[in-house]
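This report sets out selected features of one protein structure. The sequence and coordinates are shown below for reference.

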Amino acid sequence: MMSPLLSTLRLSALAGLLLLAPLALEAQDPRPPRGYQARACGFDMDRDGVWSEPEDCQVCDGVTLDPDHDGQNEDLIYIDCDAGADVAVCGGAGSPCRTLDYAWNQRADGPADGAEDILCFRGVCRTESFVGSTHGGVPGIYRVPASGSQVRDWEYPSNPTMLVGWDSDRDGAYPPVDTDDVAVVDGRNGLERAFKFDHPSDYLEMAHFTVQDYGRFTTAGDTGFIGFGTHGGILSHLFIHDLDLLRINMDRATTSSTSAINIFTSHTRPQWVQFANLQVLDNGQWFTRGQGREEAPDFGPFRFTNITRTSHSCDFAVCGSSAGTSSFKLWGYLTGVEILDSVWDANVGAWQPKPEGGPSGATFANVAQCSQDWMVRNNEVIDHKIAFKVEGHANGICNAPAARPTDEIHFDGNLVRNTYEPWRYGDHGIRIQDGGSGAGEVVGNVYITNNFMASTTGWEATVWSDAGHETTPPTGTIVIANNTFYGNVNRHGAIVIGNPEGSDLPFPHQRYVLQNNIFGAFIATNNGERDLNVRATYAPSALVADGNVYDPTGQFIWNDGGRMELAGWRAATGEDAASQRCDPLMRNPGAGDFHLLPGDTCALDRGIQPSPVAFDIDGQPRGQLAGVDVGADELSADVFSDNFETGTTNRWSFVLP
């Protein structure tokens, strides 16, 4: 029998979830395709929010003077890095300049005349390092409503300074997709970083060229593609898209600033920065790393969308404990990060990272202290040691009194796959870590929803949270709802609450929601010990758990006690009354397809209602048939059982009926 106090806490937690859920899971369009999408033209020159229309594809063709059709001829400056000349009169299509730096800082005149500078280049630029500008584009923005996986309307520069690959053959197609045109910024001469931008070089767009080999042939620390400067002020509205980034920092060991995109700055505050449709191949070390300052105004928002990144860092045999790569680590007053519709491949078949635990190895996204408002949605994350990490505290960086909770963090609708056998220690799907002793040094609200998470080699824990605080009870809620967790658990448990490797914090998190999740594919150890569905080293006072489908062989531990079956778990917690132990019928789990089949009787329509999650991994509404389905997938009520006529190509199959 549930105690009156626990019953009250349960209702309170549910009420809190209902209040928070609309912020976490707004209505979404069907999920877009993941990763880089090769397109000949990626511009929106008429600023109508529709890309790649014929009228958008007349920029840098050597002829058109008003490519954005606003009635104002632009300042078009042409550069040929193979055959141009840096002279006082260079810049015409027939008399191009030689280098980007000269054209941008000697021939471009800035926004004062009302015409934006558009730099069009071709050839292989072999001398460019730390190119920047002392001026930006013409101030002004236009807004495009959120769609697909996006969570906020986005502000784009309407008349930016532009750096664009030259459409020399005037066919409306641009490099690198159009191989007839070559536009490359090449760092193989020991160059460190291609671009560094500072206030006031805002209102900027860069598109359609290749950046390659920066940071490979130097031992300098601050190397990569783009960095932000130190001169102060707000640097706003940068749009960088349709680029190939090749071998940036390839084979490099772990250092703080060896990052393709470096957001470490002393003063400059980047805002409204978007990186879209990038092909990032053989990228070593960090993809994006840095910190916001410890006071307002915040850095951000940032959007990273339709990116395909494959890693290639220094081998363990060469770099030892410094052999690793990670995609994101951001902290400080940095608010509004969207990582969407992308493919992040640790590519461990091409290099060997550090296999042990620790800061290196491979982590996809690390949301660190003081950072807030993240949406990581519709990504494919392949062979990372840790897919997603949330930290509430770190010594010396954004501590009290400046500290604020790491809060409103969403990990939604992602496909996480691990096949890398050599990982040892610390290989978790998701890790939520502890807080400190000062006010604000804590993890707040975290939402883990709609994810397919699978490991053929096993994880120590699929989701492990030992969040809490040293001196004050945390108030946030950690929601784990409508996920499909599939794979062996080879150490702690599928869901771990608390610290099985040491002592719990004096004030561990109490508010957990564990609903409508599937756990499957457990494997008993050689001595017959069975995996754990849930392990709690203490008794959270506001645990809400129900509607889950647990692995039939899996057991439970509550309050650091002995192993128990589902009946004992129910008696100890007062939770999971409607949960089951069974194996759902899925389309092809061995191949990574965890969509439910129509004949399933285990997860289909067996979730709790109302659903804590409004949409499934494919962006489809919950509750389409007789009820809410358990797991990340909601079986569609469409005419075709494979949902061919709705959703995205994620639903399509090469298998004929």
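The structure discussed here is a predicted model.

**The second largest pocket**

The second largest pocket holds about 420 Å³ of space. Its lining comprises 20 residues, and those closest to the centre are R39, W51, Q150, T305 and N306. By residue class, the lining of the second largest pocket divides into eight nonpolar, nine polar and three charged residues. Three strands each supply at least two residues of this lining: strand 4 (154–159), strand 12 (269–283) and strand 14 (302–311).

**Strand 4**

Strand 4, one of the contributors to the pocket lining, is mostly covered, with six of its six residues buried. Its pairing with strand 3 (residues 138–144) is antiparallel and runs over five bridges. Within this pairing, W154 of strand 4 is the bridge partner of V144. As a general point, side chains in a regular strand alternate between the two faces of the sheet.

**Disulfides**

With sulfur atoms required to lie within 2.5 Å of each other, the count comes to seven disulfides.

| Pair | S to S distance | Torsion about the S-S bond | Handedness |
|---|---|---|---|
| C90 and C97 | 1.9 Å | about 85° | right-handed |
| C370 and C398 | 2.1 Å | -110° | left-handed |
| C582 and C602 | 1.9 Å | 80° | right-handed |

The disulfide of C370 and C398 has a torsion of -110° and is left-handed. The cut-off behind both assignments is a relative accessible area under 20%.

The sulfur atoms of C582 and C602 are 1.9 Å apart, and the link has a right-handed torsion of 80°. This pair also links distant parts of the chain, its members being 20 residues apart. C582 is found in the loop between strand 38 (580–581) and strand 39 (586–588), while C602 belongs to the segment after strand 40 (593–596). Both C582 and C602 are buried.

**Two buried strand residues**

What is the setting of E205? E205 is found in strand 8 (residues 204–212). Its relative accessible area is 2%, so E205 is buried. Leaving aside residues up to four places away in sequence, E205 touches F43, R47, P160, T161, M162, L163, F239 and H241.

Which strand contains V479? V479 lies in strand 28 (residues 478–481). V479 has a relative accessible area of 3% and is therefore buried. The C-alpha atoms of V479 and L514 are separated by 6.4 Å, although the two residues are 35 residues apart along the chain.

How values were computed: Residues are numbered from 1 along each chain as its sequence is written. This is a predicted model: local features need pLDDT of at least 70, side-chain atom pairs count only at pLDDT 80 or more; totals for chains, interfaces and linings use all residues. Side-chain values use heavy atoms; hydrogens and water are left out. On a 1 Å grid over the protein atoms alone, a cavity is a set of points where a 1.4 Å probe fits but cannot get out, and a pocket is an open set with protein on both sides within 12 Å along at least five of seven lines; lining residues have an atom within 4 Å of a point. Grid points are joined across faces, edges and corners, and a volume is the space filled by probe spheres set on the points. Helices (H or I, at least four residues) and strands (E, at least two) are DSSP runs, numbered from the N terminus. Ala, Val, Leu, Ile, Met, Phe, Trp, Tyr, Cys and Pro count as nonpolar, Asp, Glu, Lys and Arg as charged, and the others, Gly among them, as polar. Buried means under 20% relative accessible area, exposed over 50%, partly exposed in between (1.4 Å probe, protein chains only). Two strands pair if DSSP finds at least two bridges between them. Contact means heavy atoms within 4.5 Å.
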